[in-house]
Amino acid sequence: MLTGENRIILDKEARMEQVLAIDDERIFYLNYDGCIMECKSDGTKREKCMKYSPDTEPFAVVKGGDTLCFYDGFSVAMVSLKDKTEKKCIAMDNASDCVMVSAGSKVYVAIGEYKLEGRSEKEPVKSKWNGLWEIDMVKPYNMRKISDVVPSKLYWRDGMLYDENFHTVLSS
């Protein structure tokens, strides 16, 4: 983080395994003890938010309000830092490619499920989860499928959702 000067914000004492999100001058990270931690961006205050031990290391994390949305390769889960609860929204049968972007109280998730063939070849799988989904971060099971198309990138700007070619996918 560029702060205008060089200084260490999180050192080995933090036991940081992975940075999850940076928001409003706060850093959220997963430590080696299986806890989600919160730290002020100046490093002055560290506190435990909740115990959380994902099955695998999260590939992608987005934050909206007091909710973190995790993608680990096989599922999408919402973790409420306020209520200290976890809810799985999507649990896939196979591995998947997934991109996520948060937009206020919503998160948009594009999922393309596949089976591995050999070391690096992928075979697409027909799955009910393939497509673009909108998930309410306040009510995580309140979700809807927007499209069967699976964009490789998602961008949210000025109330509009764009794909990898900057074509409008959704406007609020």
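The following exercises, each with a worked solution, concern the predicted model shown above.

In this predicted model, local features need pLDDT of at least 70 and side-chain atom pairs count only at pLDDT 80 or more, while totals for chains, interfaces and linings use all residues. Residues are numbered from 1 along each chain as its sequence is written, and side-chain values use heavy atoms, with hydrogens and water left out.

**Exercise 1. Aromatic pairs**

Task: Classify the aromatic pair of Phe59 and Tyr71 and that of Tyr155 and Phe166.

Solution. 
- Step 1. A pair of aromatic rings is described by the distance of the centres and the angle of the planes.
- Step 2. Rings of Phe, Tyr and Trp (its six-membered ring) pair if their centres lie within 6.5 Å; planes under 30 degrees apart are stacked, over 60 edge-to-face, and the rest tilted. This rule gives five aromatic pairs.
- Step 3. Phe59 and Tyr71 are 5.9 Å apart centre to centre, with 55° between the planes, and the pair is therefore tilted.
- Step 4. Phe59 lies in the loop between strand E4 (46–51) and strand E5 (60–64), and Tyr71 in strand E6 (residues 67–71), so the pair ties together parts 12 residues apart in sequence. Strands (E, at least two residues) are DSSP runs, numbered from the N terminus.
- Step 5. Phe59 is exposed at 63% relative accessibility, whereas Tyr71 is buried at 3%.
- Step 6. Tyr155 and Phe166 have centres 4.9 Å apart and planes at 20°, and this pair is stacked.
- Step 7. Tyr155 belongs to strand E14 (residues 155–157), and Phe166 to the loop between strand E15 (160–162) and strand E16 (168–171), 11 residues apart.
- Step 8. Tyr155 is partly exposed at 31%; Phe166 is exposed at 55%.

Notes. Helices (H or I, at least four residues) and strands (E, at least two) are DSSP runs, numbered from the N terminus. Buried means under 20% relative accessible area, exposed over 50%, partly exposed in between (1.4 Å probe, protein chains only).
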